[in-house]
Amino acid sequence: MDYVTFVVRIRLDERHSMSEGQITHVASQETGYFRDLGAAVAFMEEHLDPANGRTGDGGPWGHYHLPMRDASDTDRG
């Protein structure tokens, strides 16, 4: 069995609710940012599909920005 490793960081707001998050696929160092867990799960699913051939968006570290849903950019602190 092979393992695929992700690092997930979640920032909490003053009400201790998730305000935003960051997820990194350790092997490729591709990083995504999200505001709902569904987007983080989609990021992981893309990396678990060997037929996907995902290589990132061309940045030197494969940074990938997930859609920021459920909040506007002005909500980011």
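1. The buried residues of helix α1 are Ala-39, Ala-40, Phe-43 and His-47. Buried means under 20% relative accessible area, exposed means over 50%, and partly exposed covers what is in between (1.4 Å probe, protein chains only). Seen down the axis of α1, these buried residues fall within an arc of 105°, so they line one face of the helix. The arc is taken from the directions that run from the helix axis to the C-beta atoms. Among the elements that cover the buried residues of α1 are β1, β2 and β3.

2. A word on the source: this is a predicted model, in which local features need pLDDT of at least 70 and side-chain atom pairs count only at pLDDT 80 or more, while totals for chains, interfaces and linings use all residues. Residues are numbered from 1 along each chain as its sequence is written, and side-chain values use heavy atoms, with hydrogens and water left out.

3. The overall layout comes next. The secondary structure of the chain comes to 1 helix and 3 strands, and the elements run β-β-β-α from the N terminus on. Helices (H or I, at least four residues) and strands (E, at least two) are DSSP runs, numbered from the N terminus. Of the 77 residues of the chain, 25% count as buried. Among contacts in the chain with a separation of 6 or more, 40% come from residues 24 or more positions apart; a contact means heavy atoms within 4.5 Å.

4. How does the length of α1 compare with what its residues should span? At 1.5 Å a residue, the 12 residues of α1 should span 16 Å, and its end C-alpha atoms are 17 Å apart, which agrees. The expected span is 1.5 Å times one less than the number of residues in the helix.

5. The N-terminal end of α1 is capped by Asp-36, which has a side-chain oxygen 3.0 Å from the backbone nitrogen of Gly-38. The side chain of Asp-36 also reaches the backbone nitrogen of Ala-39, at 2.9 Å. A polar contact is a pair of N or O atoms within 3.5 Å; within protein, one must be able to donate a hydrogen and the other to accept it, and residues adjacent in sequence count only if both atoms are side-chain atoms. Asp-36 sits in the loop between β3 and α1, and at 14% relative accessibility it counts as buried.

6. Which residues make up the largest nonpolar core? It has 6 residues: Phe-6, Ile-23, Phe-34, Ala-39, Ala-40 and Phe-43. Helix α1 (residues 37-48) gives the most to this core, with 3 residues. A nonpolar core is a set of buried Ala, Val, Leu, Ile, Met, Phe, Trp, Tyr and Cys residues joined through side-chain atoms within 4.5 Å.

7. A search of the whole structure finds 1 aromatic pair. The rings of Phe-6 and Phe-43 have their centres 6.3 Å apart and their planes at 70°, so the pair is edge-to-face. Phe-6 lies in strand β1 and Phe-43 in helix α1, so the pair ties together parts that are 37 residues apart in sequence. Rings of Phe, Tyr and Trp (its six-membered ring) pair if their centres lie within 6.5 Å; planes under 30 degrees apart count as stacked, over 60 as edge-to-face and the rest as tilted. Both Phe-6 and Phe-43 are buried.

8. Leaving out residues up to four places away in sequence, Phe-6 touches Ile-23, Thr-24, His-25, Val-26, Phe-43, Met-44 and His-47. Val-26 lies in the loop between β2 and β3 and, at 33% relative accessibility, counts as partly exposed. Val-26 and Phe-6 are 20 residues apart in sequence and 5.5 Å apart in space, C-alpha to C-alpha.

9. Is Glu-30 buried or exposed? At 2% relative accessibility, Glu-30 counts as buried. Glu-30 is found in strand β3, and its side chain makes a polar contact with the side chain of His-47 (3.1 Å).

10. Two loop residues deserve a check of the backbone. His-16 has a positive phi of about 65° although it is not a glycine; it is found in the loop between β1 (6-12) and β2 (18-25), and at 64% relative accessibility it counts as exposed. Gln-29 also has a positive phi of about 65° without being a glycine. Gln-29 is found in the loop between β2 and β3 (30-34) and is partly exposed, with a relative accessible area of 36%.
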